[in-house]
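I set aside some time today to look through this model and jot down what I found. Here are my notes, in the order I looked things up.

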Amino acid sequence: MTFDRSLKIAPSILAADFANFGAEIRAVEDQGADWIHVDVMDGHFVPNISFGATTCAAIRPHIKTVMDVHLMIAPVDPFISAFADAGADVITAHVEAVPHIHRTLQAIRAAGARAGVALNPGTPASTVEELLDLVDLVCVMTVNPGFGGQKFIDMTRKIKALRNMIGDRPVHIEIDGGVDPSTAPLVRAAGADVLVAGSAVFRGGSVVDPAPYGINIQAIKQACAE
Ligand code: DX5
Ligand code: ZN
């Protein structure tokens, strides 16, 4: 995993066929996905349950790009080694989910993964100011986490503040929630480089007809280029 600020689309498999993750991942990567975003939900930190580290380990061999694991769980620390052992390239924890985020981020890096920190829409940029040398990614949530297919919440001001704060550090800014061709240009212009998209990538396609995945990914990239 080398660092750059080029635009990357990270389809969230939360919007894929849960009975067919391997084939869905291969299809969406063939269609131009840059990273694969893996949403882990516990029914406690967020009001929904998805899957855990065992599923992450099972899908790992199907991912050729970057396995980007977004933990929407509390607690985090007891599970870091399980997700690192599952082969996650990036492990992101929520600043709202843990009492000692500094310790959690250190533990993620010590486990051999890249460390990400995520901010809910109601959490200000300043909460990560003292963490920027400890992280590889800041995830700005543009929905309240827990479900795919929600309406985009404008966090442009926060993204710009983070971009300034990050300066020359090799830290990705990732946007998660409600990203589509109409919202992507706003967040890209504000300084984001990794755009998570679930419904906007998987809609209209399937493993037997994956071409829409590619069309959808290109539509987001094209909108950002205009
Ligand atoms: C929300 C998840 C997102 C979600 C994005 O809790 O973290 O990754 O799946 O889905 P869309 O793109 O449909 O908003
Ligand atoms: Zn996510």
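I began with the overall dimensions of the chain, keeping in mind that this is a predicted model. With 226 residues, a compact globule would have a radius of gyration near 17 Å, and the chain comes out at 16 Å, so the value agrees with that expectation. I then looked up the box that the C-alpha atoms fill along the principal axes, and I got roughly 45 × 40 × 35 Å.

Next came the secondary structure. I counted 8 helices and 8 strands in the chain.

Then I turned to the ligand. Where does ligand 1 sit? I found ligand 1 in the largest pocket. I listed 20 residues surrounding ligand 1, and the closest are Asp39, Gly146, Asp176, Gly198 and Ser199. Sorted by class, this shell has 8 nonpolar, 10 polar and 2 charged residues.

I also wanted the individual contacts to oxygen atoms of ligand 1. For Gly198, a backbone N or O atom lies 2.7 Å from a ligand 1 oxygen. For Gly146, I noted a backbone N or O atom at 2.8 Å from an oxygen atom of ligand 1. His37 takes part through its side chain, with a polar atom 3.5 Å from an oxygen atom of ligand 1. How much of ligand 1 does the protein cover? On its own, ligand 1 has 380 Å² of accessible area, and the protein covers 99% of that.

I checked which elements give two or more residues to the shell around ligand 1, and wrote down strand S2 (36-41), strand S3 (67-72) and strand S8 (194-197). S2 gives the most, with 3 residues.

My last entry is about the backbone. Most peptide bonds are trans. The bond from Ala74 to Pro75 is cis, with omega near 0°. I traced Pro75 to the loop between S3 and helix H3 (80-85).

Definitions and conventions:
Residues numbered from 1 in each chain as written. Chains lettered and ligands numbered in written order. Predicted model: local features only at pLDDT ≥ 70, side-chain atom pairs only at ≥ 80, totals over all residues. Heavy atoms only, no water. Near = heavy atom within 4 Å. Polar contact = N/O pair within 3.5 Å; in protein donor to acceptor, adjacent residues only side chain to side chain. Areas by Shrake-Rupley, 256 points an atom, 1.4 Å probe, with all protein chains shown as cover. 1 Å grid on protein atoms, 1.4 Å probe; cavity = no way out; pocket = protein on both sides within 12 Å on 5 of 7 lines; lining within 4 Å. Sits in = over half its atoms within 2 Å of the grid points. Helix = DSSP H or I, 4+ residues; strand = E, 2+ residues; numbered from the N terminus. Nonpolar A, V, L, I, M, F, W, Y, C, P; charged D, E, K, R; others polar. Rg over C-alpha atoms; globule rule 2.2 N^0.38 Å.
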